[in-house]
Amino acid sequence: HRGRSKTSPPLFVAPMEGLGDKRFRKAISTVGGNFYDDICKEFTRVPGNLPNGAKAEKFIKKLSLHDYDAFELGSEGVKVSAQLMGSNAELLELAAKELASEGEAPRVDLNCGCPANVVTGKGAGSSLLLDPNLVYECMRSVKNGCEGYPAVPSLKMRVGFDDASLFRENVQAACEGGAEILTVHGRTRKQGYRGEADWEKIAEAKSICEKFSVMVVGNGDVTSCERAARILRETNCDGVMIGRGAVQDPLLFRRIKSRVRRDASGTVTLFSEEEVSEEHKMEDEAERVIVFLRAFYNEMIENDVRESEKSSRGKIRLRTSKKGIKKTTDSRRVGKLKSIVKYLFAGNPYLAEKMNEIVGVADHETESTEMLRKVEGLVMEYWKGEPGHVAVDNFSSRTGYVNELTTV
């Protein structure tokens, strides 16, 4: 599906370490499961070297399939794709093969985008972009691992490490290595999630990939129907991947599917809300957002139960904060809810004013059920339709929420 039909182009839910985990995937599927085309699990880290005495096949099989379930969203839901991160070509091939065969993954993605220092310091993630030959080698390994299975080999990349000087070489390496889908996030590793995404680089990737018949997916700063239409028009990309924008507006996939169209000639049309068919109109947006929140919370509870059952002591191991406050299972839930609220409230001026009422409370000073009740009440009272475009950066900056919100 190359996104050239008379319908909305393919929409991808981005893998997001720490934010787009199973809790988020379960929650977004309750309100948008029929409106995205692909959803991907956060990365599995493939080590550079095997532990002493470990047998490659046995070790990689356990690593790859641990906590991966292509059918975690149900038999009727979209199958969950897998993502690998590493730089050992031999082990990447073994991992891709396990995911494609035993795991039944619909797509196996190579991560060339993670900007975290703990990752890049080990030669993985976006650090691969420093060496196009390594990009080619690792992509070829993932392609070989998928060979003979329905799994689609793909690669997600940033435009560069510190700069975009090797961008064209990396795009070509990905294509020649066997990627069938290339997702481009329009920022460098150095930028993290700051500044605006460079969509011109996505357009450049599209021009390179055309001769390889590789599908290009645009990623970065897509937070509304209008911006989804813009990235399609300005870059000619085949599909759109959305990450943080879907946390800010859980109904975004539904909005785009109902309002954005592209015909066979490539013409993109953005319909007004008044032009949307009756079946796609949403008169109960606040209630749908609350369904999303409750699904997220319920999955947190289930996840805690699973973790407790796996523990030999029947307890979840929790850290002590920098201030010496012992975390509890419930205070951890409060923290997770706050991480969602930082996005959910950002684009709505009425809710943004109430932000500090939620995130300003210490995790240990309230119960998660009370926080959920309060958030639901605020959403019901103040949610006013599609949020505005606000860049929310909870990854590059860890200060206060005020410093993490930048209107662009």
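1. Basis of the note. Residues are numbered from 1 along each chain as its sequence is written. In this predicted model, local features need pLDDT of at least 70, side-chain atom pairs count only at pLDDT 80 or more, totals for chains, interfaces and linings use all residues, and side-chain values use heavy atoms, leaving out hydrogens and water.

2. Overall make-up. The protein contains 15 helices and 13 strands; these are DSSP runs, with helices (H or I) of at least four residues and strands (E) of at least two, numbered from the N terminus. Of its 408 residues, 54% count as buried, meaning under 20% relative accessible area with a 1.4 Å probe, protein chains only.

3. Pro250. This residue lies in the loop between helix H9 (244-248) and helix H10 (252-259). Pro250 counts as buried because its relative accessibility is 1%. Leaving aside residues up to four places away in sequence, Pro250 touches Ile28, Val31, Phe292, Leu344 and Trp383, where contact means heavy atoms within 4.5 Å. Pro250 and Phe24 are 226 residues apart in sequence, yet 9.8 Å apart in space, C-alpha to C-alpha.

4. Helices H2 and H3. Helix H2 (residues 56-65) packs with helix H3 (residues 89-101) at an angle of about 55°, and their axes are 9 Å apart. The axes are lines fitted to C-alpha atoms over the stretch in contact, and angles run from 0 to 180 degrees between N-to-C directions. Residues of H2 including Ile60 and Leu65 meet residues of H3, among them Leu91 and Leu94.

Conventions. Buried < 20%, exposed > 50% of the residue type's maximum accessible area, 1.4 Å probe, protein only.
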